[in-house]
2 protein chains.
Amino acid sequence: MSDYHAMWEKLGLDLAAHDGLLEVLPPLYQDCILSQENRPEGMQYFDFVFSEVHGLRIKELVDHRASGGIVVGTFCTYVPEELILAVGGACVGLCAGAQVAEEAAEQYLPRNLCALIKSSLGFKLAKVCPYIESCDLLVGETTCDGKKKYYEILNQLQPVHTMELPQRKDEADRRLWREEVRRLVARLEEISGRKIDEAALRDAIRVINEKRKALLRLAGLRKCDPPVISGRDALLINQIAFYDDPVRLTEKVNALCDELEERRDGGISIGGAHRPRILLSGCPMAIPNWKVPTIIETSGALVAMDEMCTGIRYFRHLVEEGAGDLEGMLDAIADRYLKIDCAVFTPNRERLDHISELVRDYDIDAVIYYALQFCDPYTVEAFQVQQELEKERVPFLYLETDYSSEDMGQLTTRVQALIEMVETQKPSVF
Amino acid sequence: MSDYHAMWEKLGLDLAAHDGLLEVLPPLYQDCILSQENRPEGMQYFDFVFSEVHGLRIKELVDHRASGGIVVGTFCTYVPEELILAVGGACVGLCAGAQVAEEAAEQYLPRNLCALIKSSLGFKLAKVCPYIESCDLLVGETTCDGKKKYYEILNQLQPVHTMELPQRKDEADRRLWREEVRRLVARLEEISGRKIDEAALRDAIRVINEKRKALLRLAGLRKCDPPVISGRDALLINQIAFYDDPVRLTEKVNALCDELEERRDGGISIGGAHRPRILLSGCPMAIPNWKVPTIIETSGALVAMDEMCTGIRYFRHLVEEGAGDLEGMLDAIADRYLKIDCAVFTPNRERLDHISELVRDYDIDAVIYYALQFCDPYTVEAFQVQQELEKERVPFLYLETDYSSEDMGQLTTRVQALIEMVETQKPSVF
């Protein structure tokens, strides 16, 4: 690994604090990811990318900016990557998955706020995130109250363009959202000094669709039983998909899928116990938040699918590629993103239906609901998810947690109890 | 007081639980409201209305329904009362201000959710709210995440029509909101079997504007120093304004204002210490939530104004009365409600400006920010309010609380420290 300290210093990072952060990651990665047995060889690329998470990828972004490109940071799956790509920008996901500078963040934010938001501000205040410091623009969205209001504060520290996401999916909402997509185009054009043209947008739609198709192909391979890839490795790939170069990532995911198909056909699995098959559903898990999947998979179960923004919600829908002109493409993009079934929508029947569909398609034995403490949309919607699963007699476990490790023991006990219950075929829920 | 048990039973209340609730209210009312010295005589009407909160007013609603009218329940200042009035409906505010059936509510809702929402469901589940049981329709709104998602659950128990409130105030938002107003009209017409016509709507606009003017007149009289009315009495009137008959309430508020003007001119004040003058800002205080104002006023200060939904935010703006036809009136109504500066909007500069204006107009010595625990919009926006007040060197105290009485001691200590600080003219904030 090269020495990136000069680069980090130039980005304005607090080098001592940042070195401290980087020391924590490798042992965590070892415990959660590298310690898994019989991983596919294709994971080596992702291990490498992760080992260079604050190094080589940042250098690429720095080089990109030096050659006139822009970098745009996002916090949510609702922000159209295609638009950023079409102005020659690089898109990086900025959601933060570790407790950093919590006390400093609580000078700005209430204590009872979700860990993801506090972590985001913590990384900014502590100057330990080279991604946010590389951004020419941050793009927020009015998804949940916490983020919506947090962006106003963040905007005091760095420019934030906030997209207004509607809260329902009727025609009036679609009109508003299509306008929002155009408002983002205008802002990106202003920042980048480049106009979005038809050819560039068509190309961007294709590139991001290819990424989604590769991730969908990988998702499909998670139906294999015995499994050919672990839930943790799949999560890691999804997390990396938010910040890696999309063309390269697509190629690497497809190469991995080739290998996984060989494994499947050759009867090679990841080994170990792989029952029950768990659907993880709920809030996103940003790097390096592997706590719950690690608990599940080291307790003998398999995370067979993730119904979350760092899972299938990110890549489930493609942008329709038939549109003839720029306006048609912008509408197709808007429509695709409006399909996402985040709990911020009301009503949000699509999500309940999708969960049922995943339970069937992935031969799911139990659903574990991952709720970040204080995340109202997902914690309140949990009730309806549970109702739905009760109807279908699918065991359901609700875990409310944050980024601390204090509750590891308690979570482990509850997950193990679920696994035991499923294995002994008790049909009750809890 | 008549015996209303037969009426309550018919409404489906749990009589034993309801009797228990009613036993708690009089001593609380005595401590918080009646124990005040030198109250205006005009408060007798409001004392009477409160003493009949589950009695005579409910009987009026029952009679109203018996004669073919509908009753519509609301949870928020964004729901246009005029429309309900124009279909011959009675509008009642349903926000709940007491801990009721919390454990039962937590079977449906996460523990870490604001007290107002849990209380609302608690009242419903425990069958102790004759208002919600009198409603032909509940009208929700997509203000905060918690309520938005809660309405989906409540809708399983009783029909809820949810209005989509936009999150910004641009032209696209105005269009969407104007459509939402029309969508509510359609639903109200369907439920009531009555079409809204021009004459009825014009009359309704006038009636509700008159209520607002009376409340504004009362608000203006709170500028008097020495004060002619307490903050607690003003709050009580605002709370009652959400469920009382609007024409009668207007008449009684105006009669009270006549008396207060006489007091002012005659140099008669409510007596006792009346400094510092406090602006209470933040979340709404539903009946019987008088905890914080009581702490403030029994500690020697005066709540001179309430920048909250149970305060001036409820009646600050009038509907423009110039519109010639039905469509024009509906637009005027939509536009009026979109002016409300709830923290759910982003950005929400208007609120910061309004707070500064109130600080000047009401000769405010300190701002106490009342935050319901877990209320993300108001708890996060508090930071910017504090920033704004720091610029103007106005002392600021942030109180985060819920509906329990456990923190009374701690809150009292903090309020007393603020008062002491203001009285000794220290210019710092905390």
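Which strands of chain B does helix H10 (residues 171-192) lie across, and at about what angle does H10 run to S4(B)? I shall begin with that point. The model before you is a predicted one. In it, helix H10 of chain B lies across strand S1 (71-74), S3 and S4 of chain B, and the helix runs at about 165 degrees to S4(B).

Let me now describe the sheet itself. In chain B, four strands form an open sheet in the order S2-S1-S3-S4, with parallel pairing. Strand S2 (90-93) and strand S4 (160-163) of chain B each have a single partner strand, so each stands at an edge with one side left without a neighbour in the sheet. From one strand to the next, the twist averages 25 degrees. A further helix, H9 (residues 145-154) of chain B, packs on the sheet and touches S3 and S4 of chain B. The direction of this helix makes about 155 degrees with that of S3(B).

I turn to strand S3 (residues 137-141) of chain B, which is joined to S4(B) by four bridges, the two strands running parallel. On this side, Val139(B) has His161(B) as its bridge partner in S4(B), and Glu141(B) has Met163(B). Three bridges join S3(B) to S1(B), again in parallel, and here Val72(B) is partnered by Leu137(B).

Are the residues of S3(B) mostly covered or uncovered? The strand is mostly covered, with five of its five residues buried. In general, side chains in a regular strand alternate between the two faces of the sheet. In S3(B), Leu137(B), Val139(B) and Glu141(B) point one way, while Leu138(B) and Gly140(B) point the other.

Next, the nonpolar cores. The largest contains 157 residues, and Phe46(B), Phe50(B) and Leu83(B) have the most contacts inside it. Helix H11 (residues 198-221) of chain B gives the largest share of this core, eight residues. Setting aside neighbours within four places in sequence, Phe46(B) is in contact with several residues, including Tyr29(B), Leu236(B), Ile240(B) and Lys252(B). Another core, of 156 residues, lies apart from the largest one, and among its members are Leu184(A), Val303(A), Ala332(A) and Ala366(A).

Why does Lys339(A) count as partly exposed? Its relative accessibility is 41%, and the partly exposed class lies between under 20% for buried and over 50% for exposed. Not counting residues up to four places away in sequence, Lys339(A) touches Lys169(A) and His317(A). Lys169(A) is 170 residues from Lys339(A) along the chain, yet their C-alpha atoms are separated by 8.3 Å.

The largest cavity holds about 820 Å³ of space and is lined by 50 residues, with Leu94(A), Cys95(A), Ala96(A), Leu116(A) and Ala286(A) nearest its centre. Which helix gives the most to this lining? That is H7(A), with four residues.

The second largest pocket contains about 720 Å³ of space. Of its 25 lining residues, those nearest the centre are Tyr398(A), Glu400(A), Glu106(B), Pro110(B) and Arg111(B). H18, strand S8 (396-401) and helix H19 (408-423) of chain A each supply at least two residues of that lining.

Key: Residues are numbered from 1 along each chain as its sequence is written. Chains are lettered from A and ligands numbered from 1 in the order in which they are written. This is a predicted model: local features need pLDDT of at least 70, side-chain atom pairs count only at pLDDT 80 or more; totals for chains, interfaces and linings use all residues. Side-chain values use heavy atoms; hydrogens and water are left out. Two strands pair if DSSP finds at least two bridges between them. Axes are lines fitted to C-alpha atoms, for helices over the stretch in contact, and angles run from 0 to 180 degrees between N-to-C directions. Contact means heavy atoms within 4.5 Å. A nonpolar core is a set of buried Ala, Val, Leu, Ile, Met, Phe, Trp, Tyr and Cys residues joined through side-chain atoms within 4.5 Å. Buried means under 20% relative accessible area, exposed over 50%, partly exposed in between (1.4 Å probe, protein chains only). On a 1 Å grid over the protein atoms alone, a cavity is a set of points where a 1.4 Å probe fits but cannot get out, and a pocket is an open set with protein on both sides within 12 Å along at least five of seven lines; lining residues have an atom within 4 Å of a point. Grid points are joined across faces, edges and corners, and a volume is the space filled by probe spheres set on the points.
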